[in-house]
Amino acid sequence: MDSLKAMWRLQNTEVEMVKLRKEWNDIKELLGRESGAETAEIQAGIAEARARWQKNKEEYEESTLEIETIGRKLEQFNSQLYEGGGLSKELVSLQQNIDQLEKRRHLLEEKQLGCIEELDDLEKRIANETVRFQRLDEQRKSRLSRLGERREEIKGKYDLLKERREELRADIPEEMMVLYTDLVGQKKRPMATLVGENCSGCGIAQTTQNVNALKKEGRYTRCINCGRIIVTGDYLEE
Ligand SMILES: [Zn+2]
């Protein structure tokens, strides 16, 4: 291949490689931000709600047992009360016990209503948060897999470009490569085209002599300003 054309392709190849490296780094940064903190927080919230649900459930069941015990005692006391006949100290104390137990039972029943309400709220919260967790977790997994796939794609493309770069370099004579590398070292894309009479790299107009020589001989010239290797667009399209 013509060494100048090879050089032009080398430049395009390297520009492409830089783009891929940038995208690779962007993906790396995105993956770094995927800590999963949000889903972990939801999971912790669900676990806490479950623990509270369990505690409420136990309290409810304890109340049920106590209400049953009170029921049996009341039955017993009430029958004693009716069997007891006339008023005596014993009967008064029996009646006091019955009153106390009934008060306690009422309290426990109120508490149970509160428990039922809270259990209901917690169940709703657990259900909603579980749905939210699943949705976010799915989205996160699909993001991660998309980024992973793109990274593989980039790696494949980059490897091909690297091979291509080596092939192109082999087509460029040593002294031209020195020129090229020197311009790259100055953070410039080494090659530019002539646009009208101007260098496409820095925009500066070239001398008439320079332009004429380039157009006649069809090789290259160096920009009088930035030193880039200038060729004509026509030449590249040949
Ligand atoms: Zn220039």
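1. Chain pattern. Along the sequence the protein runs α-α-α-α-β-β-α-β-β-α. That comes to 6 helices and 4 strands. Helices here are DSSP runs of H or I with at least four residues, strands are E runs of at least two, and both are numbered from the N terminus.

2. Basis. This is a predicted model, in which local features need pLDDT of at least 70, side-chain atom pairs count only at pLDDT 80 or more, and totals for chains, interfaces and linings use all residues. Residues are numbered from 1 along each chain as its sequence is written.

3. Overall form. The radius of gyration is 43 Å, well over the 18 Å that the globule rule gives for 238 residues, so the protein is more spread out than a compact globule. (The radius is taken over C-alpha atoms; the rule is 2.2 Å times the number of residues to the power 0.38.) Along the principal axes, the C-alpha atoms fill a box of roughly 135 × 30 × 25 Å.

4. Domains. The protein is divided into domain 1 (11–170) and domain 2 (173–237). These bounds come from an automatic or database domain assignment. The C-alpha centres of the two domains lie 67 Å apart.

5. Of the 238 residues, 9% count as buried. Buried means 20 or more other C-beta atoms within 10 Å of a residue's own, exposed means 12 or fewer, and partly exposed lies in between, with C-beta atoms placed from the backbone. Residues 24 or more positions apart account for 69% of the contacts with a separation of 6 or more. A contact needs C-beta atoms, placed from the backbone, within 7 Å.

6. Sheet. The 4 strands form an open, mixed sheet in the order β2-β1-β4-β3. β2 (198–199) and β3 (221–222) stand at the edges with a single partner strand each, so one side of each has no neighbour in the sheet. Pairing requires at least two DSSP bridges between strands. β3 and β4 run antiparallel and are joined by 2 bridges. Arg222 stands opposite Ile229 in β4.

7. Core. The largest nonpolar core has 13 residues; Met191, Ala192, Ile229, Ile230 and Val231 touch the most other members. α1 (3–33), β1 (191–195) and β4 (229–232) each supply at least two residues of this core. Such a core is a set of buried Ala, Val, Leu, Ile, Met, Phe, Trp, Tyr and Cys residues joined through C-beta atoms within 7 Å. Leaving out residues up to four places away in sequence, Met191 touches Met7, Trp8, Gln11, Arg228, Ile229 and Val231.

8. Asp234. This residue is found in helix α6 (residues 233–237). Asp234 is exposed, with 11 other C-beta atoms within 10 Å. Its C-alpha atom is separated by 9.5 Å from that of Leu194, 40 residues apart along the chain.

Terms used
Two residues are in contact if their C-beta atoms, placed from the backbone, lie within 7 Å.
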